[in-house]
Amino acid sequence: MSEQPEKTKLVLFDDGAMQFENAIAARHTDVNVVKVSAADISTADCTDARAAIGWRFPPVLLGRMPDLKWVQ
């Protein structure tokens with residue numbers, strides 16, 4: 001059996017970005033969507049995120065995502 005490729009982690013930050021969760025999940029089964037609110041920045045599992053959607057990203061959150069390739 002062949003190994004499944006790892007899913008790309010996408011962080012959705014802020015309530016405004018959460019509206020995209022269902023559309024992304026429905027169309028992109030190879031994406032692991034992680035929702036991050038201001039309250040859980042310090043505990044969110046986002047270290048290997050490759051993409052992020054949100055508004056007014058706090059510098060501390062961006063610093064926890066060193067593998068980012070795309071930000072909207």
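View 1. K9 has its place in strand β1, where helices (H or I, at least four residues) and strands (E, at least two) are DSSP runs numbered from the N terminus. The model is a predicted one, in which local features need pLDDT of at least 70 and side-chain atom pairs count only at pLDDT 80 or more, whereas totals for chains, interfaces and linings use all residues. Residues are numbered from 1 along each chain as its sequence is written, and side-chain values use heavy atoms, with hydrogens and water left out. With a relative accessible area of 6%, K9 is buried; buried means under 20% relative accessible area, exposed over 50%, and partly exposed in between, for a 1.4 Å probe and protein chains only. Leaving aside neighbours within four places in sequence, K9 is in contact (heavy atoms within 4.5 Å) with N32, V34, D45, C46, D48, A49, R50 and A51.

View 2. The structure holds 3 salt bridges, a salt bridge being a side-chain nitrogen of Lys or Arg within 4 Å of a carboxyl oxygen of Asp or Glu. In one of them the side chains of D45 and K9 meet at 3.1 Å, N to O. Because D45 lies in the loop between β2 and β3 (51-54) and K9 in strand β1, this pair ties together parts that are 36 residues apart in sequence. D48 also forms a salt bridge with K9, with 2.7 Å between the closest N and O atoms. This pair, too, links distant parts of the chain, D48 being in the loop between β2 and β3 and K9 in strand β1, 39 residues apart. D48 is partly exposed, at a relative accessible area of 32%.

**View 3. The salt bridge between E21 and K35.** The closest N and O atoms of E21 and K35 are 3.5 Å apart in this salt bridge. E21 lies in helix α2 (residues 21-27) and K35 in strand β2, so the pair ties together parts that are 14 residues apart in sequence. Both residues are partly exposed, E21 with a relative accessible area of 23% and K35 with one of 46%. Elsewhere, salt bridges that share partners join K9, D45 and D48 into one network.

**View 4. The nonpolar cores.** The largest nonpolar core has 12 residues, namely V11, F13, V34, V36, I41, A44, C46, A49, A52, F57, L61 and M65; such a core is a set of buried Ala, Val, Leu, Ile, Met, Phe, Trp, Tyr and Cys residues joined through side-chain atoms within 4.5 Å. Strands β1 (8-13) and β2 (31-36) each supply at least two residues of this core. Apart from this core lies another, of 8 residues, among them L10, A17, V33 and A51. When residues up to four places away in sequence are not counted, V34 touches K9, L10, V11, L12 and D45.

**View 5. The open sheet.** Four strands form an open sheet in the order β2-β1-β3-β4, with parallel pairing; two strands pair if DSSP finds at least two bridges between them. The edge strands, β2 and β4 (70-71), each pair on one side only. Between β1 and β3 the parallel pairing runs over 4 bridges, and the bridge partner of F13 in β3 is G54.
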